[in-house]
Amino acid sequence: MTETKTGTEKQDILTKIENLDVRIIYFFVIIAVAYPIISPLGLPIPTSEPTMDIYDFIENLPEGSVVLVGSEVGAGAWSEIGPSLNILMQHLFDNNLKPIIISSVVDGAMMAEMYTIPKMIAPGKVYGTDWVNLGYLAGAEPGIAAFATQITSVKPVDYFDTPVEDLEMMKNVKSAADFDLAIICTWGDYEYLQYLRQYAIRFDVPIVVGAKSDMIPGLHPFYESKQVLGYLNGLRGAGEYEILTGHLGYAAASLDASSTYHLVVFALIVIGNLAMVARMFTKNKEGT
Amino acid sequence: MWDILGNWISVFLTIAIMSFVIDENVFYRIAEYTMVGGTVGYAIVTGIKVVLNTGISPIMGGDTYMLLAFVVGLLIFTRYSKQYGYLSRWPIALMVGSGLGVASRAIPEVSIIAQIKASFLPIVGVSWGIAISNIILLITLISTLLYFFMTVELKGSLRHISVTGRYSLMILFGAYWGGQLASRSTLFIGRITFLIKDFLFPMLGLA
C-alpha cells in the first residue's frame, strides 16, 4: 500500500524488501565471508564418499606409479579448482608417485607451474625424475587422443622446451597405457568427458575428477556408473581431502566462509520468497 | 620488489572489478580489459610456441609430412580473401571431422550404454533407504525421458508421467543453480581471502 506524502511515495516493508538495493546484499555477503576468514569458526567438515574413494585409491597405488594430472583450469576458476589440484599433487608426492602435468587449457600448465609446484616440492624431488610438466596440449580431443596413443607425437618437448625423450621419467612412459591413474582437475564438463572417452575406454585408465560445484549434477552419474572413481566437489572436496591427508590449507580454512556465505544467501532467498507470498495474500485480500 | 609490485597490482585489479557493485566505472573497465588482453596475449604466444614445437621444428628436422599439415593449416587464413575464402572450409572440415571421429567412437559406451547399465538398480535385497532411492531414480528417469518424447501427443496417464518428468528437471536445474552459487561463492571467497590475508594483514603487521 502506498500513499502520497509531500510528493514522495512512502513504501511499505514488502516493497522495500522486493526492491532491496543490491549493494546492501553485497555488504552482508562481504561481512559473512570476511568474518570467518579473520576469526575461523571451526565448523565440522564430514568427508563425502567420492572424496574417500579417491583417497583410498591413491593410498593403494604402488610407489613409482605414473599419474597423469590434467590441469584443465585457467586463472578464472583457479580459486575453486586450484586447491583440489594442490592437495591431490601433494598426496601424490607424499606417496612417491610420479605425476605428469598436462593441460588442454591455454594457461592450465602455467597455473600449475606457478601456483602448485612451488608449494609441493618435497626434499629430494627432482624434475624430470619425480615429476614432469608437459605444458599445453593443442588440438582439443584429437590432440588428447593422439597424446594417449603416442605422447611424443604431439608433445615432443615439455613446458621448458626440453625434449621429452631426454627426461628420465619419460623413458618408460610412451602412451596412456603406461598411466596408472588420470587426475583431471577441470572447470568444464567437456574436459573430463574427453579423458573418459580417450583414456578410460581405450586404455582402461582409472579417472578421478576435481570439479567445480556446478558440474556435480552432471558428473555424479558417471561416478554412480563407476566410470569415474571419485571426484572432489570444488572447494569443499579440496577441504575434505586436506583433512584426510593432514595437510590443512586454504581450502579447509575457507569452508567456514563458504558456510556463512550460503547461510546469508539462504536467509535472503527465504525472506524474498516470504515477501512474495505475503504480497500475493495482500493482493488477494484487496481484491476481495 | 617485483612480488610487492605484483601484489599491489592484484589488489588494485581485484578492488577495481568489485567496484562494479557500485556502478560501472573506468577502473572496472581497466581491470576487465587488462584481463581480456592478458589472456588473449598469453594464448597467442602459446599458440605460436605450439606451432614452432610441433610444426616448424619437425619440418626443419626432416619430417616433410608435417609440411602438408602446415600448408592445410595456413589455408584457414584464406577466409579473409573474398576470392579464395572457400579454401578455408577444408581445414575447418578436417578439424571438425577429426574431432567428431575420435569422440564418437566412445560416446555410445561412455554416455549411453554405461549410463543405461547403471540405471539397473536393485529394489529387493537392499535396505529400505536404498530401495526407495532406487525407485525414485527409476521414476524420474522414465518420466524425464517421456517428457522429451514428442513423436505423438501424450494424453491421459502418459501426460501425467511427462509432467512428473518436468518437475524432475526443475529439481535438476535447482541443483545446478545451487552448484553455480557454490562455485561463484568460492571465487568471491578467494578474492576476499587474498585481500585480507595477503594484503590487509601484512599491511597491519598481523601476518
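This is a predicted model: local features need pLDDT of at least 70, side-chain atom pairs count only at pLDDT 80 or more; totals for chains, interfaces and linings use all residues.
Local features require pLDDT of at least 70 and side-chain atom pairs count only at pLDDT 80 or more, whereas totals for chains, interfaces and linings use all residues. Residues are numbered from 1 along each chain as its sequence is written, chains are lettered from A in the order in which they are written, and side-chain values use heavy atoms, with hydrogens and water left out.

**Chain B**

- Chain B contains seven helices and zero strands, where helices (H or I, at least four residues) and strands (E, at least two) are DSSP runs numbered from the N terminus.
- The order of its elements from the N terminus is α-α-α-α-α-α-α.
- The radius of gyration of chain B is 27 Å, while a compact globule of 207 residues would have a value near 17 Å; the radius is taken over C-alpha atoms, and the globule rule is 2.2 Å times the number of residues to the power 0.38.
- Along the principal axes, the C-alpha atoms of chain B fill a box of roughly 65 × 60 × 40 Å.
- Buried residues make up 23% of the 207 in chain B, buried being under 20% relative accessible area with a 1.4 Å probe and protein chains only.
- Of the contacts (heavy atoms within 4.5 Å) in chain B between residues at least 6 apart in sequence, 26% join residues at least 24 apart.

**Packing within chain A: α8 and α9**

- Helix α8 (residues 189-203) and helix α9 (residues 216-224) of chain A pack at an angle of about 20 degrees, and their axes lie 11 Å apart; axes are lines fitted to C-alpha atoms over the stretch in contact, and angles run from 0 to 180 degrees between N-to-C directions.
- α8(A) and α9(A) are therefore roughly parallel, a term for angles under 35 degrees.
- Their crossing is left-handed, meaning that the near helix is turned anticlockwise from the far one by less than a right angle.
- A:Y192, A:L193 and A:L196 of α8(A) meet A:G218, A:L219 and A:F222 of α9(A).
- This contact has five nonpolar, one polar and no charged residues; Ala, Val, Leu, Ile, Met, Phe, Trp, Tyr, Cys and Pro count as nonpolar, Asp, Glu, Lys and Arg as charged, and the others, Gly among them, as polar.

**Packing between chains: α2(A) and α7(B)**

- Helix α2 (residues 22-38) of chain A and helix α7 (residues 157-204) of chain B cross at roughly 55 degrees, with their axes coming within 10 Å.
- The crossing of α2(A) and α7(B) is right-handed, the clockwise case.
- Residues of α2(A) including A:V29, A:V33 and A:I37 meet residues of α7(B) including B:F188, B:I192 and B:K197.
- By class, the contact of α2(A) with α7(B) comprises 11 nonpolar, one polar and one charged residues.

Note on methods:
Angles under 35 degrees count as roughly parallel, over 145 as roughly antiparallel, 65 to 115 as roughly perpendicular and the rest as oblique. Buried means under 20% relative accessible area, exposed over 50%, partly exposed in between (1.4 Å probe, protein chains only).
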